[in-house]
Amino acid sequence: MNKAAAMVGRWLKVQPDEIGLFLWSAALLYLIRTANIFFNNFAETAFLKRFGVEYLPIVYVANSLATFVIMAAITGLLRKLPSGRMLAYMMLFCGLSAAALRPVLEMGFDLIYPVLFLLKAQYEGLLALVFWNLANDLFNTRQSKRIFPLITAGGVIGAIVGSFITPGLARAINFDNLMLAYGVVAGMGALCVWQMSRIYPVLNMPERDAKKGGKKTNLIQEFKQIVPMMKESTLLKILVLLTLLPNIALPIMNYQFNFAVNETYATEGGMVAFFGYFRGLLNIISLVILLFVGKIYTRWGLPVALMFHPINYALAFLAFLFRFDIVTAMYARLSTRVLLVTINNPARNILVGLFPD
């Protein structure tokens, strides 16, 4: 058993004293991604079929505004609360709030569907933000370069499992009860975080700035601090652009993808099955690439690897220019999502750890 663990550790480049921490972190991201898949498949299908694809642009704008405000608030809370406690509270809140909204579906309020669409996007982004903040507390920069892609693989496995069981689960427990399934898995994630906090006390410590007694700053002051940093750091300029530009293009591409899917599948059952199997295939491809992404970083370096994602956006939009149907929509969504999850996000999370909070 020890020899097998050692062989796996050598292949994955995980040191013996890191294996326990790596497995806990990967298991936690597994639960987060599984829960997100349940909520995502339900909310997108219900919105498209019960509210209307033509309202997607409005929801995307509302989601962007909400993200700006909520992310700023969460960043402030992260300075006051330990990362472990923060993530546990958030997972518990997300799970309970989704379960509490389940009875509202029976009341016939159509506006619940855009609300759920916003919530699934916000919950996914916020849980990812706090999780990677927690991971940066657990691993230093040298460790994160090796281990973050592997932890991401744990999340991808969760997405694969959640995707492929979504159609069967929707038939077994009723489509609307996918919200309750999300609540259950999110609750399991909260229990996982609490157990990790007991094993690794660093998760119970406040953020570094709080421990040093740093002065509190508001959002405007933080923007003022970023400007001189951008003048001095080319890397920071690249990170800002590589975060900004894809997030402008992503809503456009998502709308085109959802429009094509809505035109192709006439029923909720057909659509949720498509989302489940398509996302399962997408995440299988991501998992295979993640096994070798460390070699990609070593061969080309993190800044160059970050360029793959925006270049693929240009290729995807060119494909739409010549042909717009479910085939090109699947290519665009699959390729951009795979590069985002396997190469772009881990590299960006590693490099962000080099800068002040």
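Visitor: At what angle do helix 2 and helix 7 pack, and how far apart are their axes?
Guide: Please keep in mind that this is a predicted model. In it, helix 2 and helix 7, which covers residues 178-199, pack at an angle of about 165°, and their axes are 9 Å apart.

Visitor: Why is helix 2 called roughly antiparallel to helix 7?
Guide: Angles over 145 degrees count as roughly antiparallel, and the angle here is about 165°, so helix 2 is described as roughly antiparallel to helix 7. The crossing of the two, helix 2 with helix 7, is left-handed.

Visitor: How far does helix 2 reach from its first C-alpha to its last?
Guide: Helix 2 runs over residues 19-50, which makes 32 residues, and it reaches 46 Å from the first C-alpha to the last, close to the 46 Å expected at 1.5 Å a residue.

Visitor: How many of the residues in helix 2 are buried?
Guide: The helix is mostly covered, since 24 of the 32 residues in helix 2 are buried. Helix 2 is followed by G52, which has a positive phi near 130°.

Visitor: Which residue has a positive phi although it is not a glycine?
Guide: N174 does, with a phi of about 90°. For background, most residues other than glycine have a negative phi.

Visitor: Changing topic, how many aromatic pairs does a search of the whole structure find?
Guide: The search finds 24 aromatic pairs. One of them is formed by F257 and F274, a tilted pair with 6.3 Å from centre to centre and 35° between the planes. This pair links distant parts of the chain, with F257 in helix 10 (residues 234-264) and F274 in helix 11 (residues 268-290), 17 residues apart.

Visitor: Are F257 and F274 buried or exposed?
Guide: F257 is buried, and F274 is buried as well.

Visitor: And why is the pair of W300 and F308 edge-to-face?
Guide: Planes over 60 degrees apart count as edge-to-face, and the planes of W300 and F308 are at 85°, with ring centres 5.8 Å apart, so that is how this pair is classed. W300 counts as partly exposed at 45% relative accessibility, and F308 counts as partly exposed at 27%.

Visitor: Which residues do ring pairs link into a cluster?
Guide: The cluster consists of F47, F51, Y55, Y60 and F117, linked by ring pairs. Over the ring of F117 sits the charged end of K120, 4.4 Å from the ring centre.

Visitor: One more topic: how far apart are A135 and G84, in sequence and in space?
Guide: A135 and G84 are 51 residues apart in sequence, and their C-alpha atoms are 9.7 Å apart in space. A135 is found in helix 5, residues 112-138, and A135 is buried, with a relative accessible area of 0%.

Visitor: What about I252 and F317, how far apart are they?
Guide: I252 and F317 are 65 residues apart in sequence and 9.8 Å apart in space, C-alpha to C-alpha. I252 is found in helix 10, and with a relative accessible area of 45%, I252 is partly exposed.

Note on methods:
Residues numbered from 1 in each chain as written. Predicted model: local features only at pLDDT ≥ 70, side-chain atom pairs only at ≥ 80, totals over all residues. Heavy atoms only, no water. Phe/Tyr/Trp six-rings, centres within 6.5 Å; stacked < 30°, edge-to-face > 60°. Helix = DSSP H or I, 4+ residues; strand = E, 2+ residues; numbered from the N terminus. Buried < 20%, exposed > 50% of the residue type's maximum accessible area, 1.4 Å probe, protein only. Lys NZ or Arg CZ within 6 Å of the ring centre and 35° of its normal. Expected span 1.5 Å × (residues − 1). Axes fitted to C-alpha atoms, helices over the stretch in contact; angles between N-to-C directions. Parallel < 35°, antiparallel > 145°, perpendicular 65-115°, else oblique. Left-handed = near helix turned anticlockwise from the far one by under 90°.
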